[in-house]
Each structure stands twice: as C-alpha cells, then as structure tokens.
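Hello,

Here is the structure I promised to pass on to you. Have a look at it first, and then read my notes below.

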Amino acid sequence: MIAGIVVASLVTLLALVAPSAWLVVARRRALADPPPAQGEPELLEVAYLLGGRNRVVDTVIAGMCDDGRISVNESGKLKVERAAAYNAVERALLGRCGADWSISLRRVRTSLKFDPAVDALEGALVRRGMLVSPVVKQKWQRAADVQVAGLVLTGVGVVALVLMPASFVTAFVVLGLLVAGIVLRVRCRPAGPKVRPTPRGKAFIERTPATGPWSARFSATHPEGIAGVVAVHGAGGPEPDQPFLGQLRQAALPSPGVGSVRSYSKGAKKPPSRKTAKSSSSSSSSSSSSSSHTSGGYGCSGASSCSSHSGHSSHSGHSSCSSSSCSSSSSSSSCGGGSSCGS
C-alpha cells in the first residue's frame, strides 16, 4: 500500500511540475527582448504597431489623398487621379481602385487590411524586435496546452490518493500543488492570436504619441505630414477640416445591419402588423358598405335644410330646399316635411 502511494505521488508530481516549468520558460523566452535591430520603424510599421491593420490602411489612404493621387467624393467613393505607388501597400490599394468612382472607401478599407503587403509589416516588426515572433508564440501556446493536460492528470492523481487508506496527508499536499498549478496557468497564459508587442515594442507604443516630433497632432509640424498624424493618432482627432478624413471616420463606423429589428421609445407607437392592418382595412370596408346601404344608395353632400311655409304638401309651391346638394342615381329624393329636392 505504501509503495502504491509513493508511485501515485511521484507520477502526479511529475505530471504537474515538469509542464509548469516548461510553461514558465516558454513565457520568459516569448517576452524577452530579442537582439537589438538596426534603425527605427518606418511610417506604415509605426501605424501597424500603434493601431493595427486598420490604422495602416487609413494612413495609406490619407497620404495618397493628401498628395492628390486618389480622391474621395461625398458619397465615400474612391477614384485614382495619378497611378503612382511608393510601397507595396499603396500598389495593393491602386489595384483595387479605378479611374472612375467604382468602389467605396468602406470596401477598400475592409479588403486591403488582409492583403499580403500588410502581413509583411508584421514580419518587419518582428525582425526589429517590436513584436513577439509567431514561432515563439506557438511554442508558448504548446507549453500551455501540455500544462493543462498535466493539471488534469494531477486531479486524477489527487482522487486516487484520497481513495487510498492512510494517504490523506499526501493527497492534501498534492491538492495544494494542483491549486498552485492552476494559478500559474492563469498568470502565464498566452496572449492568444492577437499580436503581442515585446517590452521594446511596448516602450515605443507608450513613448511615440506622447513625446518627440512624431507626437505632433497637425500635419504642418509632423515629419511625415498628415499621413504621419493618422499613423500615430488615427483619423478621429487631427485635421478635422480635411474632408477625406471625415470619410475615413465614417467608413470606420460599423455598417448598419440588414434586417435588424427597429427599436422604439416608450412613447412611440409601433406600426401595425400585416394581419392587424388587413383586419382594419376589412373593418373599414365593411363600415363604408353599411353606411352606403343605410343611405339608400345615394348621398347628400352639404347640409340639407328644407323649410315649409304653408304646412301643407309640396303642391302648395311654397316649400323650398336651401343649400341642398343631392347626388343620386334615383329619380327623386325626399327631404323632411314632405318637401322634395329635385336634382
């Protein structure tokens, strides 16, 4: 029995300690600063580092609109004015546009951010030591998965030790180690598919918008003009008088959902459903028909006032109908008091 407790304890501890140590080492390697690279990030690399793929596309569009190579109209459509590109992302944008207003800014913005030219910017930032390498991040994720499997095996070992006589103390100790392993997994979990900056990249992200010449918020004082302002600060704040920046801000908004349910305020009246409208229409038609039958198939418009000065029948000739307008398909109609309204 003692031998069984010892074997179960060793297997459980090995399943917990070895993967946990691997996870700690993998995380440390992923977050460590790589060897320093030569040079600082370029314009589009800065945009990618500070705002991701959307910021890269906005920077390219703003720069090309500013120097007149493309135009954006009031409807949010793009047109090429001068087919000149200075980098791979600009060439990809020109390939999506034409010489007429044939494509919307929202569509270009959505498709261009997944172009291989934008993917290449991530590789450039990895080589500069600004972003965590995908290979290193994949090893980190693998170590985390193995550690989760070790936690499951350790939980099974704790249950086995509890069921063994005279192993209560050992089971309690292993259970404590299992809790510590779970805490370690939470603290050392990978960042997931999202791009993660290195410590050097984090320092650059914090420093660039706040200090130095790249922190300028207006194109007149920024080293890269309006494209540099958008790369650092985005299209939302600077240069509000530029119309193409307004179109960029509009294109960044989520598109309205098709077939979405309209919301109403408490005091608003909801439109009737098709069934209710049909019932209301039938009721109105029935009421109109009933009114027509009651009036004997004709209608008198206007107020019919018939007065008789003799009190006798209409043969006396003193009976008159004033302000009477009668339209009828019949030959005669009778008014009160025995007076007749001739058509």
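**Thr 12 and its surroundings**

Leaving aside residues up to four places away in sequence, Thr 12 touches Thr 154, Gly 157 and Val 174. Please keep in mind that this is a predicted model. Thr 12 sits in helix α1, which covers residues 2–31. Its relative accessibility is 3%, so Thr 12 counts as buried.

Now to helix α6, residues 134–163. The buried residues of α6 include Thr 154 and Gly 157, and also Lys 137, Trp 140 and Leu 161.

**Cysteines**

How many disulfides does a search of the whole structure find? The search finds zero. Cys 65 is in no disulfide, and the nearest cysteine sulfur, that of Cys 97, is 9.2 Å away.

**The whole chain**

The protein chain has eleven helices and nine strands. It is made of 343 residues, and 33% of them count as buried. The chain exposes about 20500 Å², with carbon and sulfur atoms supplying 58% of that area. Among contacts with a separation of 6 or more, 61% join residues 24 or more positions apart.

Enjoy exploring!

Notes
Residues numbered from 1 in each chain as written. Predicted model: local features only at pLDDT ≥ 70, side-chain atom pairs only at ≥ 80, totals over all residues. Heavy atoms only, no water. Helix = DSSP H or I, 4+ residues; strand = E, 2+ residues; numbered from the N terminus. Buried < 20%, exposed > 50% of the residue type's maximum accessible area, 1.4 Å probe, protein only. Contact = heavy atoms within 4.5 Å. Areas by Shrake-Rupley, 256 points an atom, 1.4 Å probe, with all protein chains shown as cover. Expected span 1.5 Å × (residues − 1). Disulfide = S-S within 2.5 Å.
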